[in-house]
Amino acid sequence: MSMQIGDSPADAVFRDQARSFLSQHASPRSEVVANWHDDLGGHVEACKKWQHILYDNGWAGISWPEQFGGRGGTSLQASIFAEEQSKFDVATGSFAVSLGMVGPTLMAHGTPQQHAEFLSPMLRGDHVWCQLFSEPNAGSDLANIGTRAVLDGDTWVVNGQKVWTSFGQFSDYGILLARTEPESPKHKGITYFILDMKSVGVEVRPLVQITGVAHFNEVFLSDVRIPAVNVLGGVNNGWAVANTTLTSERAFIGGGGSSWTVEALVATAQKLGRTQDPIVRQKLAAAYARAQTIVYLGYRLRTASSLGLMPGPEMFIMKLAYARHWEQTMDTAMEVLGADAMLWGDNVIDSGEWQHHLLSQFAIRLGGGTNEIQQNIIGERGLGLPREPSVDRNLPWRELVKG
Amino acid sequence: MNFDLSDEQQVLGGLAQQIFGDLSTIERITELQTRDGFDATLWSELAKAGLLGLCVAEEHGGLAMHMVELSLVLEQQGRYIAQVPLWSSSIAAMTVAEFASQELQNQVLPGVCAGTTILSTALANFGANDSMNPSVEAIDVIETKEGGIRLIGSKPAVPYAQHAHYVVVSAKRANGSIVLALVDTDARGVTITPVEGSDRQPQANMEIDVVVPTSHVISGLTSDGREALRWMHEHSLVALCAIQLGVAQGSIAITAEHVKTRHQFGKPLSAQQAVAVRAADAYITTEAMRVTTLNAAWQLAEGFDARQDVLVAMYWATEGGHSVVLAGQHLHGGVGADISYPVHRFFLWGIQISTQLGGASQHLARLGKLIASK
C-alpha cells in the first residue's frame, strides 16, 4: 500500500458523514472554547446530554465492536470523528476515563457478565467513571500502592486512600487498584476492581487546584465492600490489567482532543496586533512546528493501529511531545497577551482561557506517567538502554521500605 | 491514511543501507581524509544500483521515483556519513528534468544516471545566505546573434564543485527576476577554488564571469525563473533534512552503544538518569525529524503546496538535528574528542547542515511570516 497522508476516498466519505451529523446536532466552536471551569457539575451534565445524542444516532463508540453496542468502525474512523467533533461546541471531557480507558480495559479483560452490565450504560453516557490508581505514596511508582483488599466470603473489604481522582465527585463507578497479596513482589499482588462509588465507606473530598477548579479529588475508602464478581481480569493479575488502562490513557492524553490550537493563538495575536513583532512570530512558528509533529506522530499511530500493529515508541513520544508543546506554547501565549496575562477570570481576553491552559499544563505533564517516566521508557524501548537496576522488583511488597 | 513506507520503499531503503553500510566504513572514511574526501568507488556502486538516477525518467536511464524515495536513500547516506555528492547531484538533475529543455535533458541526464556526469547546485550565497536572493548577477546578452545570459559573481561552498561537470547556478537580473542556468565548470571564466568545509567534505567557491548559451538556461530565459528556484530550494532543503535524519540516527546509535558499554562507578553510564534522559531526548527529536521530513517529502512528491511543511521539517533538522549531534558528542565524554573515534563525524556534518541553507531562526522567521502575517 502506498503512502497517503490525509484521507483516502473512503475516509473522506466518512468524514463528510460525521460532519453532516455534527452540524445537525451541534454548533461550530468559535476560535476559543467556551470555558466551563466554574461549573464542573454543569459540564458533566452537558457531557451526558451529548453522549446520549451520540448514542441515539449511532455515533457512540465508533471503533467499539457492534456486540458491545459500538459502531463497529475502525480506529481510524474514530480519530476522524474525534477530529471533526473537536471543531464543534460540545462537551466530552467527563467521559475520558470511561470511554477512553475503562471501556478498552473491560473489553479486553472483562467477563461476559461484566460486558453486559457495564458497557452499554457507559456508551450511552449514563455513568461517569473515575480512576482510583494513584495514592499519596504511589505516584510514579504505581506498583507500590498500599490500599488493601481482604477477602471476606464472596466480598472484598477495602481500606486505603486514593488521590488525583478526576471527576470523582460526579462518578458512578471507579476502577480501583488494591493490594490483595502483600507477600508477593509488588507487581504481583495487585487486583483490579470495579467499585460502585455509592458504596458505604467511600468518601470523596474535592481538591481545589491552582486553576480554581476541583477537577481532582481525594477518595477515602473505609471498610468498603466489593462483590467478588467485580474483580476485573483475575485476582492478583491487576498489574497486567492496569497496563491496558495506562496504555489507553497515554494514547488519549497524547492523542490531543486538545481544547486549544496554535491557530487560535495566532488569531489572538493578530487581534492584539502582536504579529508585527518578528520574535513573537518566530515563537508562533515554533509552536506550529511542534503541533505539526504531534499531528504526524498521530498519523503514524493511526497507521499502525489500522494495520493491527502495536504502536511503537511513538506513543510515549507523543505524550511527552504534547506535554512539552503545551508548556512552551502557553509561555508564548502569555507573551502574546502582554499585560493582560496578569489578569484572571472570565472578563479578560478570550475569557481567560490561556491563563487557564497555562495552569492546566501540569495535569498533562504529570498525568498518565510523568514526562520523566516517559523519558525513561523511551530510553529503554527506543534505544535499548538497560532498565534502571531496581532493588525492589522481586522482594515481597510487605518488606519494602514505604515512602 | 497511510503514513508508513510501502514494501517497495522499505526494500529501497534496505538496499541503500546495505550499499552505504558495506562500503562507507569508518576505515574507508578515514582513508578518504588523506585525499580530498570524494568516494569515487562508492559513487560508481551507487550508479550500478541505479541510485544516481533515482528521480530521473526511464528514458534517460533513471528509475522515475520521487522525493520520498530519494529521502530514504539520503537518510542512509547520512547514517553512514558517506562522502558522495548525492543530494546536490540528484536535486540538480531533478531541476533539469523538471524545467530544462528536452535537448538539455538528453545531453545531461543519461550521464548522471550512469555516474559519468556529476552535477551540483550553487544555492548558498555570500552574506545573508538567502537562497531566494542570489548574489550572482544575470545580464541578458543582446549584442550577439547567439544571445545567452552573462553571469557575474561568486558562490560560496558549492558541494563537490571540483568534481562536478555542471553546476546549477541561481542568479538575479537587475529587475529582480531570477535565472537558473547550467554552468559548465570547464568553461572559460569559471574558477573553482576548493575550500575546507566544517564537514570535511569536498566543496569549492566559484568565481563566475561567463556567458551561458540559451540552450543551457534551465529557467528564466524569457520570464522570471523564481518558481523554478523555489522548487529547487524546497527540494534541496528536504534533501538536507533527510541526510540530517540519518546523521542524527547514526549519532544516537553509536551513543546508545557507548553509554551502555562504558562503565563508571561500577555501572553503565546509561544507568545514570541524567545520561539516559539526554539520550532519550535525542531519540525523541530524531523521531520528530523523521515524521516531518517524510511528510514534507511526500507533499513535494505529490506536487502540493509544501512551503509550510518544508519549513517545519527544516526547523527540526536544523534546531533539532544540532541538539542531537551535540548530545551524542557530549555523552561520549573525552572519547569524542579523539578523531580516531567516529562520533565527531556525525557532529561535524550535523552542524554543517544546521547552517548550510540557512539556520533555524531563518526558517522560523519564514514560517512565522507564512502563518501569522496579516
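Predicted model: local features only at pLDDT ≥ 70, side-chain atom pairs only at ≥ 80, totals over all residues.
Q: How many residues of domain 1 of chain B are in contact with domain 2 of chain B, and which elements give two or more of them?

A: Two residues count as in contact if their C-beta atoms, placed from the backbone, lie within 7 Å. Here, 19 residues of domain 1 of chain B are in contact with 17 residues of domain 2 of chain B. On the domain 1 side, the elements that give two or more residues are α5 (86-99) and α6 (102-114) of chain B, and α5(B) provides the largest share, seven residues. By class, that side has nine nonpolar, eight polar and two charged residues.

Q: How many residues of chain B are in contact with chain A, and which element of chain B gives the most?

A: The size of an interface is often given as the accessible area lost when the parts come together, but here we can read it through residues in contact. Between the chains, 40 residues of chain B are in contact with 45 residues of chain A. On the chain B side, α7 (226-261), α8 (273-301), α9 (307-331) and α11 (360-372) each supply at least two residues, while α8(B) gives the most, with 13 residues. That side of chain B divides into 26 nonpolar, eight polar and six charged residues.

Notes
Residues numbered from 1 in each chain as written. Chains lettered and ligands numbered in written order. Helix = DSSP H or I, 4+ residues; strand = E, 2+ residues; numbered from the N terminus. Nonpolar A, V, L, I, M, F, W, Y, C, P; charged D, E, K, R; others polar.
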